Amino acid sequence: MSFTEQLRQENHDIFERIFHHSFVEGIGKGRLPSESIAHYIKADYEYLNAFMHIYGIAISKSTEREDIQYFNEQVNFVLHSEVHPHHNLCEYIGIRYEDLQGYPLPPTADHYVKHMMYHAQMGGLGEIIAALLPCPWTYLEIGRYLMEEYEPDKDHPFYPWIKFYAESEMQILTDHLRSRLDHLAEQASEKELNRIRDAFRKSCQLELAFWEMAYTCEEWPEGKAVEAK
């Protein structure tokens, strides 16, 4: 069993909870509250901006030219390809994509971004990949799960979203990151492997929390500051 196969097995519980979350199941059923979709897009737009910054840090820590080229290509993928599923969701709720950009991150998304930034700044390339990998990996499996469970056709309101994440491009992205992490894990110390496992586990947990954040329209607590006497 490869290192990333072990990671997947260790985090099977979180993957299963993601597949059966109300937001994900709502995509499969073709019914979701508009406010939850809008909340998701606002947060995910800023999250993906941060994801590109993490790729930039990964480039700065890469010693192999192939890694530099790969992470650079992934920045372009986020910029030009991952907008398509967002557009599908925007069409469903009848709101322009541009009108859902530039909002502050809700608490969970803010925590997720800072979690990735911490591992990107403090860890090596293996740790960075471990923090990034659960995002494409869970979305790939979500797409495959929804295709198998609901068998959506082109009339399904979220067919473009499901098809995008179930297709081979997401598989290629996930496989490449897994292969690179497997290679780096072979050279890592036990202490480094523990940090990699921790980064991966927490990113999986935060993927689940992200769906909950979107579905419940999580916001920062409101309240007036108490003046000191």
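Me: How many cavities of 30 Å³ or more are counted here?

Reply: Rolling a probe the size of a water molecule over the atoms shows where empty space is left. On a 1 Å grid over the protein atoms alone, a cavity is a set of points where a 1.4 Å probe fits but cannot get out, whereas a pocket is an open set with protein on both sides within 12 Å along at least five of seven lines, and lining residues have an atom within 4 Å of a point. Grid points are joined across faces, edges and corners, and a volume is the space filled by probe spheres set on the points. By this rule there is one cavity of 30 Å³ or more, and the largest cavity holds about 110 Å³ of space. Please keep in mind that this is a predicted model, in which local features need pLDDT of at least 70 and side-chain atom pairs count only at pLDDT 80 or more, while totals for chains, interfaces and linings use all residues. Residues are numbered from 1 along each chain as its sequence is written, and side-chain values use heavy atoms, with hydrogens and water left out.

Me: Which residues lie nearest the centre of the largest cavity, and which element gives the most to its lining?

Reply: Of the 14 lining residues, Leu48, Glu82, Cys135, Pro136 and Met170 lie nearest the centre. Helices (H or I, at least four residues) and strands (E, at least two) are DSSP runs, numbered from the N terminus. Helix 4 (34-60), helix 5 (65-80), helix 9 (134-150) and helix 11 each give two or more residues to this lining, and helix 4 gives the most, with four residues. For classes, Ala, Val, Leu, Ile, Met, Phe, Trp, Tyr, Cys and Pro count as nonpolar, Asp, Glu, Lys and Arg as charged, and the others, Gly among them, as polar. The cavity lining has eleven nonpolar, one polar and two charged residues.

Me: What is the volume of the largest pocket, and which helices supply at least two residues of its lining?

Reply: The largest pocket holds about 220 Å³ of space, and helix 8 (125-132), helix 11 (168-187) and helix 12 (190-216) each supply at least two lining residues. Among the residues that line this pocket are Gly123, Glu127, Gln187 and Arg195, and by class the lining has four nonpolar, four polar and three charged residues.

Me: Is Ile128 buried or exposed, and what does it touch?

Reply: Buried means under 20% relative accessible area, exposed over 50%, and partly exposed in between (1.4 Å probe, protein chains only). Ile128 lies in helix 8 and counts as buried because its relative accessibility is 1%. Contact means heavy atoms within 4.5 Å; leaving aside residues up to four places away in sequence, Ile128 touches Ile54, Ile57, Ala58, Lys61, His119 and Ala120.

Me: How many disulfides does the structure hold?

Reply: A disulfide is a covalent bond between the sulfur atoms of two cysteines, and the rule used here asks for a pair of cysteine sulfur atoms within 2.5 Å. The structure holds zero disulfides. For Cys204, the nearest cysteine sulfur, that of Cys135, is 11 Å away, and Cys204 is buried at 0% relative accessibility. For Cys217, the nearest cysteine sulfur, that of Cys90, is 15 Å away, while Cys217 is partly exposed, with a relative accessible area of 24%.
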